[in-house]
Amino acid sequence: MKSTNAYAAKRALIDRLATLAGTGQPLDGWQVAYRYPAMPDWKCVYGGGVTFQQTEGAAERGVLRYEVATVGIYFRLVDPDDDARTSDTIVEDAADAFAADLAANPSLGLKLMFLSIERGMGDYFPSDRETTTPLGLQIQVESYL
């Protein structure tokens, strides 16, 4: 019996981001990492935590379970020009490209399907030299176990 598909969903989302970060792709120039990297580039997207909920997917208990996993995906930009408006636009454009790709191609393989962006949060952190702008998305993926 499998406990969850949440980590499989996280791996699939990171793999999709890596594809989108290829040369000539919408996220070209973005560093993609499974977790927050020790040495992040100025444009970085990485995976965060997971949560999941399961319900019985069939009348017979334990035979089939429906799961909705929520995976944190974080876009992070460090803007040396210290311009929060520009930084917001850059992370928004990157997240929009990812969301558009998921909507157009919801299958993540292994019977995992993009369901929705459940919620998100953006902010900025100015310093005397730069602005750091994170944008977090909580992405829901459905599957059966």
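How many aromatic pairs does the count come to? By the rule I used, five. That rule pairs rings of Phe, Tyr and Trp (its six-membered ring) if their centres lie within 6.5 Å, with planes under 30 degrees apart called stacked, over 60 edge-to-face, and the rest tilted.

Before the examples, some housekeeping. This is a predicted model, so local features need pLDDT of at least 70 and side-chain atom pairs count only at pLDDT 80 or more, while totals for chains, interfaces and linings use all residues. Residues are numbered from 1 along each chain as its sequence is written, and side-chain values use heavy atoms, with hydrogens and water left out.

Okay, rings. Trp-30 and Phe-75 have ring centres 5.7 Å apart and planes at 85°, so that pair is edge-to-face. Trp-30 lies in the loop between α1 and β1 and Phe-75 in strand β3, so the pair ties together parts 45 residues apart in sequence. Helices here are DSSP runs of H or I with at least four residues, strands are E runs of at least two, and both are numbered from the N terminus. Trp-30 and Phe-75 are both buried, meaning under 20% relative accessible area; exposed is over 50%, partly exposed is in between, using a 1.4 Å probe and protein chains only. Ring pairs also bring in Phe-98, giving a cluster of Trp-30, Phe-75 and Phe-98.

Phe-75 and Phe-98 turn up again in the largest nonpolar core, among the residues with the most contacts inside it. That core has 27 residues, where a core is a set of buried Ala, Val, Leu, Ile, Met, Phe, Trp, Tyr and Cys residues joined through side-chain atoms within 4.5 Å. The elements giving it two or more residues are α1, β3, α2 (84-104) and β6, and α1 has the largest share, with seven. As background, nonpolar side chains tend to be buried together in soluble globular proteins.

Leaving aside neighbours within four places in sequence, Ile-139 is in contact (heavy atoms within 4.5 Å) with residues including Leu-13, Ile-73, Phe-98 and Phe-114.

Now, how many residues of strand β6 are buried? It's 11 of the 14 in β6 (residues 131-144), so the strand is largely enclosed by the rest of the structure. For pairing, DSSP has to find at least two bridges between two strands. β3 (residues 65-79) runs antiparallel to β6, with 14 bridges, and Leu-77 stands opposite Thr-133 there. β4 (residues 113-122) is antiparallel to β6 too, over eight bridges, with Met-113 facing Glu-142. Then β5 (residues 125-126) pairs with β6 in the antiparallel sense over two bridges, and a four-residue hairpin joins β5 to β6.

Last stop, some charged residues. Arg-16 sits in helix α1 (residues 6-20) and is buried, at 14% relative accessible area. A polar atom of the Arg-16 side chain lies 2.8 Å from the backbone oxygen of Ser-107. Beyond four places in sequence, Arg-16 also touches Asp-101 and Asn-105, among others. And Lys-10 has its charged end over the ring of Tyr-34, 4.1 Å from the centre; the rule there is NZ of Lys or CZ of Arg within 6 Å of the ring centre and within 35 degrees of the ring normal.

Note on methods:
A polar contact is a pair of N or O atoms within 3.5 Å; within protein, one must be able to donate a hydrogen and the other to accept it, and residues adjacent in sequence count only if both atoms are side-chain atoms.
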